[in-house]
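Let us read this model feature by feature. Ask where each feature lies, then what its numbers say.

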Amino acid sequence: MQFMSTKAAFITGITGQDGSYLAEHLLDLGYEVHGLIRRVAFEQPEARLARILKIKDRLHLHSGSLESYPSLFQIFAKQKFDECYHLAAQSFVAESFADGFSTMSTNINGTHYLLAALRELQPKCRFYFAGSSEMFGKVHETPQRETTIFHPRSPYGVSKVAGYYLTMNYREAYNLFAANGILFNHEGPRRGVEFVTRKITTGVARIARGQSKELRLGNLEARRDWGDSRDYVRAMYLMLQQETSDDFVIATGETHSVREFCDLAFREAGLDYRDFVKEDEMFYRPAEVDLLVGDATKAHKILGWKPERTFPQLVSEMVQADLARLG
Ligand code: GDD
């Protein structure tokens, strides 16, 4: 039986993969769910609100921007929230090399504006910051845990380290309930097509349907700890239900290479990745994160959280969803 609540939650990044799954999870728990939306999104709902179209009528969407403190201030002045999940960011690592300045500005200032507006208007609202395993970057120990030193390898990683410490600072300096989730890569059928897992599964589907002959990728040897977004949004929620705010690694504890992901994904469609995947330097990064694998023992013990979906299930579901989409 699920606990029914009348709490109100505010989600930045509600139109993204995690935001849309989190919104569904909170609605199921009886929450009143609010989200931050760019004004232009209302003009192109089919494209920009695709992931939340089915639940849109049950949501309260507020127009505003992370780049504008006044727009956030206005929202918090009008509406009271119990919980704020800050998921919005420029989250594509490769893009952060192309335009590090925009990434820094959106990710760091956006987080700071939110924290400052909450402190000013709603100091009792609980805050979740979407930290990232990219903060570990050139890893100092394996597996990575809450105590592992950060060594970011991209402007994106640097921006997340800044957001992490801003969150911690508001917790320590102003007594805000402010939690950091250090989430390792998490995927699913709603993943954006620029990220490697979805790029592979859409590529497999196109090749299987005769719409494409090859798939060009970058570094096939990079290793990631890939979990399922639907498992990870449960962890975000749990972090805000604790007595005190803290930092938690959320990971599966398994690591796989991009090559292994390709192998499994092509096999799901009855194909051999070696016949189709071409390595292309264009997709290499100036500095790479070679290996990520997380130790989520603290989350298991304190949050009672465990991932429910396995890596093969995730790959299979993503490929099948893309095959179905192409008909
Ligand atoms: N995107 C992409 N495209 N990545 C490729 C490609 C390609 O063609 N070929 C190889 N890769 C490699 C990248 O070099 C990287 O090592 C790995 O695949 C994963 O890349 P992404 O899927 O783009 O994700 P990410 O690990 O850089 O970042 C994601 O996970 C972080 C958590 O660790 C993002 O979701 C971040 O926002 C998130 O914080």
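**Reading the features**

Q: Where is Q79 found?
A: Start with the secondary structure. Helices (H or I, at least four residues) and strands (E, at least two) are DSSP runs, numbered from the N terminus. Q79 is in the loop between α4 (69-78) and β4 (83-86). This is a predicted model: local features need pLDDT of at least 70, and side-chain atom pairs count only at pLDDT 80 or more, while totals for chains, interfaces and linings use all residues. Residues are numbered from 1 along each chain as its sequence is written, and side-chain values use heavy atoms, leaving out hydrogens and water.

Q: How many residues apart in sequence are Q79 and A8, and what separates them in space?
A: Compare the two separations. Q79 and A8 are 71 residues apart in sequence, but their C-alpha atoms are 9.2 Å apart.

Q: Is E281 buried or exposed?
A: E281 is exposed, at 65% relative accessible area. E281 lies in the loop between β13 (277-279) and α11 (297-303). Its C-alpha is 8.0 Å from that of N219, 62 residues away in sequence.

Q: Which residues are closest to the ligand?
A: A residue is near a molecule if one of its heavy atoms lies within 4 Å of it. The ligand is surrounded by 24 residues, and the closest are S132, S133, Y156, R285 and E288.

Q: How do the residues of that shell divide?
A: Sort by residue type. Ala, Val, Leu, Ile, Met, Phe, Trp, Tyr, Cys and Pro count as nonpolar; Asp, Glu, Lys and Arg as charged; the others, Gly among them, as polar. The shell has 11 nonpolar, six polar and seven charged residues.

Q: What is 2.5 Å from an oxygen atom of the ligand?
A: Look for polar contacts, pairs of N or O atoms within 3.5 Å. An N or O atom in the side chain of Y156 is 2.5 Å from a ligand oxygen. The backbone contributes too. An N or O atom in the backbone of E194 is 2.9 Å from a ligand nitrogen. For V196, a backbone N or O atom is 2.8 Å from a ligand oxygen. Taken alone, the ligand exposes 720 Å², and the protein buries 96% of that (Shrake-Rupley method, 1.4 Å probe).

Q: How many aromatic pairs are there?
A: Rings of Phe, Tyr and Trp (its six-membered ring) pair if their centres lie within 6.5 Å; planes under 30 degrees apart count as stacked, over 60 as edge-to-face and the rest as tilted. The count comes to 19 aromatic pairs. One of them, F76 with F81, is edge-to-face, at 5.8 Å centre to centre and 80° between the planes. F76 is buried at 3%, and F81 is buried at 2%.

Q: Are W226 and F311 stacked or edge-to-face?
A: W226 and F311 are stacked, with 6.1 Å between centres and 15° between planes. The pair links distant parts of the chain, 85 residues apart: W226 is in the loop between β9 (223-224) and β10 (227-228), F311 in helix α12 (residues 311-326). W226 is buried at 3% relative accessibility. F311 is buried at 6%.

Q: Where does the charged end of R191 sit?
A: A charge sits over a ring if NZ of Lys or CZ of Arg is within 6 Å of the ring centre and within 35 degrees of the ring normal. R191 has its charged end over the ring of F195, 3.8 Å from the centre. K298 sits likewise over the ring of F248, at 5.1 Å.

Q: What joins T142 and P143?
A: Check omega. A cis peptide bond joins them, with omega about -5°. P143 is in the loop between β5 (126-132) and α7 (155-174).

Q: What value is phi of N175 near?
A: Phi of N175 is near 65°, a positive value in a residue other than glycine. N175 lies in the loop between α7 and β6 (178-183), and at 70% relative accessibility N175 is exposed.

How values were computed: A polar contact is a pair of N or O atoms within 3.5 Å; within protein, one must be able to donate a hydrogen and the other to accept it, and residues adjacent in sequence count only if both atoms are side-chain atoms. Buried means under 20% relative accessible area, exposed over 50%, partly exposed in between (1.4 Å probe, protein chains only).
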